[in-house]
Amino acid sequence: MRRLFLGIDTSNYTTSSAICDEDGQILLNSKVPLPVKEGERGLRQSDAVFHHTKNLPQCAAAVKNTLSTVEGSLTAVGCSYAPRDMEGSYMPCFLSGIASAEFVSAALGVPLYKFSHQAGHIMAALASACDNNGISRESMMNNRFVAFHVSGGTTDVLLCEPDEDRIFKITQIGGTKDINGGQAIDRTGVVMGLSFPCGAEMDKAALGFVGKVRKDPLSVKETWCNLSGLENKAEKLYRETGDIAEVSAYTLSFIGRTLEKITQNVLLEQGDLPVIYAGGVMSSQYIRKILGKYGMFADAQYSSDNAVGTALLSAELYKRDLLK
């Protein structure tokens, strides 16, 4: 009987469910965005939990539909329990997914695995990037590599090493010292009247800009950066020009060049390791043009928030548990 694995992720802005089989084939990638009121720059955690509670039945329906059309049985379930793999990492929004996963696990009598949201992002990006580049997923998981996780809630540079119990041992070796890349993008977009989250709309505008993009000095020291100054500079540029395309290009260029400089410094520090770019900000085609020569990217649907990585990690851990 074909073994199937369910993943559930309840991040701050998306309710996600996914199903894969034991060979890593992705059979479902269901995502329901959480609504953010026009003009606002995010959600309170209490609101996120409320919207996940409303969205989870829709994700459950997608799971039911997939299971009814695919031969096999649900063998294990995985969920995101916290933002990062570090002590004290916690956000209430993940409680919604944990409760749902524990319910499924108990009702079906199948194992439950818990991973960080960040580990899920890395796994989803790794699987997609490897498939796109003709590289074995197993070879990547069994060796050291560097992952950038850049989103609204995270701008981390991570050294990933093989780990028997968690698939990856994740160590932060760089990142932002103030605001995150996605925050800078969304805050700038909201100032320009765009709808939150603003990344996709700004990416499209930036790609259409035909002028010369201003290049202000970056704030990068070794593998760490500061991005808070970008927000003020972008807002000032918008007041001066009123040009959404120019400001979008300026903002994404600044972030892309910052990540480029950090990448160069990381490779000097760690050696010539594979690099994977993950997280919602890495869906930007504008930024990908800057970073493309340094590493691999996932397809956009596996770079933004999703439960695919959690499902894949659950499949890998289950197979390892069988060998113990």
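Two strands are counted as paired if DSSP finds at least two bridges between them. In this predicted model, strand 6 and strand 11 (residues 275–278) meet that condition, since four bridges join them and the two run parallel.

An open sheet of seven strands has the order 9-10-8-7-6-11-12, and its pairing is mixed. Strand 9 (220–221) and strand 12 (296–297) stand at the edges of this sheet; each has a single partner strand, so one side of each is left without a neighbour in the sheet.

Strand 1 (residues 3–10) is mostly covered, with seven of its eight residues buried.

| Strand pair | Bridges | Direction |
|---|---|---|
| Strand 1 and strand 2 | seven bridges | antiparallel |
| Strand 1 and strand 4 (residues 73–82) | six bridges | parallel |
| Strand 2 (residues 14–21) and strand 3 | seven bridges | antiparallel |

Individual residue partners can be named for each of these pairings. Arginine 3 has serine 73 in strand 4 as its bridge partner. Threonine 10 stands opposite threonine 15 in strand 2, and cysteine 20 stands opposite isoleucine 26 in strand 3.

Strand 1 and strand 2 form a hairpin with three residues between them. Strand 2 and strand 3 form a hairpin with four residues between them, and glycine 24 in its turn has a positive phi of about 85 degrees.

## Aromatic contacts

A pair of aromatic rings is described by the distance of the centres and the angle of the planes. Ring centres must lie within 6.5 Å to count as a pair, and by this rule there are six aromatic pairs. One of them joins phenylalanine 145 and phenylalanine 168, with 5.7 Å centre to centre and 85 degrees between the planes. Planes over 60 degrees apart count as edge-to-face, so this pair is edge-to-face. The pair links distant parts of the chain: phenylalanine 145 belongs to strand 6 (residues 145–150) and phenylalanine 168 to strand 8 (residues 167–176), 23 residues apart. Both phenylalanine 145 and phenylalanine 168 are buried.

Ring pairs also link Phe148, Tyr277 and Phe297 into a cluster.

## The largest pocket

The largest pocket holds about 1100 Å³ of space. It is lined by 40 residues, of which Tyr13, Ser151, Gly152, Asp186 and Pro197 are the closest to its centre. The elements that give two or more residues to the lining are strand 3 (26–33), helix 3 (117–133), helix 5 (181–191) and helix 6 (199–207). Helix 5 gives the most, with five residues. By residue class, the lining divides into 15 nonpolar, 18 polar and seven charged.

## Serine 195

Serine 195 is placed in the loop between helix 5 and helix 6. Is serine 195 buried, partly exposed or exposed? Its relative accessible area is 46%; buried means under 20% and exposed over 50%, so serine 195 is partly exposed. Serine 195 and valine 213 are 18 residues apart in sequence, and their C-alpha atoms are 23 Å apart in space.

Notes: Residues are numbered from 1 along each chain as its sequence is written. This is a predicted model: local features need pLDDT of at least 70, side-chain atom pairs count only at pLDDT 80 or more; totals for chains, interfaces and linings use all residues. Side-chain values use heavy atoms; hydrogens and water are left out. Rings of Phe, Tyr and Trp (its six-membered ring) pair if their centres lie within 6.5 Å; planes under 30 degrees apart count as stacked, over 60 as edge-to-face and the rest as tilted. Buried means under 20% relative accessible area, exposed over 50%, partly exposed in between (1.4 Å probe, protein chains only). On a 1 Å grid over the protein atoms alone, a cavity is a set of points where a 1.4 Å probe fits but cannot get out, and a pocket is an open set with protein on both sides within 12 Å along at least five of seven lines; lining residues have an atom within 4 Å of a point. Grid points are joined across faces, edges and corners, and a volume is the space filled by probe spheres set on the points. Ala, Val, Leu, Ile, Met, Phe, Trp, Tyr, Cys and Pro count as nonpolar, Asp, Glu, Lys and Arg as charged, and the others, Gly among them, as polar.
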